[in-house]
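Here are my notes for you, point by point. Keep the picture open beside them and find each residue as you read.

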Amino acid sequence: MENKVTLPKKGTARETVLSALSENRAGDSKWHEGRTFSLVYHESDEHTEFLKKAYTTYFHENGLNPGAFPSIRKYEAEVVSIAAHLLGGGERAAGSMTSGGSESVMMAVKTHRDWAFETKGISEPEMIFAVTAHPAFDKAAHYFGVKPVKVPVDSHQRMDLDSVKRAITKNTILIVGSAPQYPHGVMDPIIDLASLAKSYGVGMHVDACVGGFMLPFLRKLGRDIPPFDFSVDGVTSISADLHKYGFTAKGASCLLFCDKELRRFQFFISKDWPGGLFASPSVTGTRPAGSIAAAWATLNALGEEGYLSLYSKLMKTVDAYRTGIEKIGFSIVGNPVGTLFAYTSKDVNMHVIADLMSAKSWFLDRQMNPDSIHLTITPANEPVLNEYLADLKAAFETAKAHPELAGEGMAAMYGMVAKIPDPAMVHQFLYQYMDQRYET
Ligand SMILES: *Cc1c(COP(=O)(O)O)cnc(C)c1O
């Protein structure tokens, strides 16, 4: 591992550097052709151009100090207010924007930790979440010194209530449920979890990072969406990402609390810095104002009707993918509610399927327990539906006819990882992967 690249002595013409950027993209995933599932949330070329304009209008401004940029303060406050109304929090809920889902999750954990310490003197905090909850909760637990207590899911991938009950101790500060969870797009039993949290006087965080700006519109469109937001008694905080299914620019999420009193524990204040009084809502100092402006711009440009027509169309695409995939012989994992889901099969090795699909330059996420392929559908995936299904059907037949493929490619590696008895070896492998990431 060496750092082989140094700062060039002489600069290169900006134009030449920009051409290099364009050329370097050639080997990247082709999200614009609809071949990427997850990572990129592209609504349309028109909307993307609009986002770029909104973002670059505030390209240099800094969300750190609203004193300097009152317009940014207004946008953030209005985005939070809109989110609060969409998520059953009305005028009472209070929140802030963050740089993304992970930061929202971190601040939710930190806030409940500080709240539990101050109001109940809990100094060895624990939080309960399902194995299917986003790794950001593990990360937050690790960063903030909270003990992660992970509970299993039932056969439908929903957080198991009895396990949650058994996991509650006098040190529990927070129960987490997802709406929906990312791996299978399945909703945790939020009403039951929240009522449990309330009866023990602990916090209840709903991770609606992926669903927060989708589920309210799906419900309006008549889809069966169980209550998951502040309308549910006992819910104390909700994370909802704008930069996923809100279709805004990256670097934008929203964290809401049931009231201002709880949000107080999120803020950080420094009174004795020679640089002056310092108050900050979240992890970041300098905050790109562009992502705040682009979020505000999107909510105003689309409005409720815009989101409803977007989701009405998108869910037709989702339904077509699901039906087509099932027709080939796969089954959908659990009972997903929205635009993301996973499919599996007992007849073929799913990692072989993923290998065969990758060879046809589809970028997709593979999952384990159960082995499955994850799909996050966006409007970009609509035009390639038939091509995807044709490739998948061919992959299904090839995988069935050639079981020996399980010993090749990534399938072999996944097979090995599944068999490694020593978790330390998996850790070793992942750390190596991270080191490689920074090789020049
Ligand atoms: C994406 C996601 C997160 C993390 O959000 P980032 O924006 O990637 O940091 C957390 N929870 C769920 C359910 C998610 O889908």
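1. Start with helix α11 (residues 350-359) and helix α12 (residues 385-401), which pack at an angle of about 130° with their axes 9 Å apart. This is a predicted model, where local features need pLDDT of at least 70 and side-chain atom pairs count only at pLDDT 80 or more, while totals for chains, interfaces and linings use all residues. Residues are numbered from 1 along each chain as its sequence is written, and side-chain values use heavy atoms, with hydrogens and water left out. Axes are lines fitted to C-alpha atoms, for helices over the stretch in contact, and angles run from 0 to 180 degrees between N-to-C directions. Helices (H or I, at least four residues) and strands (E, at least two) are DSSP runs, numbered from the N terminus.

2. What do we call the way α11 and α12 lie to each other? They are oblique: angles under 35 degrees count as roughly parallel, over 145 as roughly antiparallel, 65 to 115 as roughly perpendicular, and the rest as oblique. The crossing of α11 over α12 is right-handed, meaning that the near helix is turned clockwise from the far one by less than a right angle.

3. Now look at who meets whom. From α11 come Val-352, Ile-353, Leu-356 and Met-357, and from α12 come Tyr-388, Asp-391, Leu-392, Ala-395, Phe-396, Thr-398 and Ala-399. Contact here means heavy atoms within 4.5 Å. Sorted by class, that contact has nine nonpolar, one polar and one charged residues. For the classes, Ala, Val, Leu, Ile, Met, Phe, Trp, Tyr, Cys and Pro count as nonpolar, Asp, Glu, Lys and Arg as charged, and the others, Gly among them, as polar.

4. How much of α11 is covered? Seven of its 10 residues are buried, and Met-350, His-351 and Asp-355 are among them. Buried means under 20% relative accessible area, exposed over 50%, and partly exposed in between (1.4 Å probe, protein chains only). The buried residues of α11 pack against β11, β12 (365-367), β13 (372-376), α12 and α13 (409-419).

5. At its start, a side-chain oxygen of Asn-349 comes to within 2.8 Å of the backbone nitrogen of His-351. After the helix comes Ser-361, in the loop between α11 and β12. Its phi is positive, near 55°, although Ser-361 is not a glycine. Ser-361 counts as partly exposed because its relative accessibility is 44%.

6. Thr-344 is worth a click. You'll find Thr-344 in strand β11 (residues 340-344), buried at a relative accessible area of 16%. Its side chain reaches the backbone oxygen of Asp-371 at 2.7 Å. Thr-344 and Pro-370 are 26 residues apart in sequence, yet their C-alpha atoms are 7.5 Å apart in space.

7. That brings us to the prolines. A cis peptide bond joins Asn-369 to Pro-370, with omega about -5°, and Pro-370 sits in the loop between β12 and β13. Another cis bond runs from Ala-179 to Pro-180, with omega near -10°. Pro-180 belongs to the loop between β4 (172-178) and α7 (190-200). Most peptide bonds are trans.

8. The axes of α4 (residues 101-120) and α5 (residues 135-144) come within 9 Å and cross at roughly 45°. That makes α4 oblique to α5. This crossing is right-handed. The contact residues divide into eight nonpolar, one polar and three charged.

9. Finally, compare two residues for yourself. Are Ser-239 and Thr-298 buried or exposed? Ser-239 is buried, with a relative accessible area of 0%, and Thr-298 is buried with a value of 0%. Ser-239 lies in strand β6 (residues 237-241), and its side chain makes a polar contact of 2.9 Å with that of Asp-207. A polar contact is a pair of N or O atoms within 3.5 Å; within protein, one must be able to donate a hydrogen and the other to accept it, and residues adjacent in sequence count only if both atoms are side-chain atoms. Thr-298 is in helix α10 (residues 289-328), where its side chain reaches the backbone oxygen of Ala-294 at 2.7 Å.
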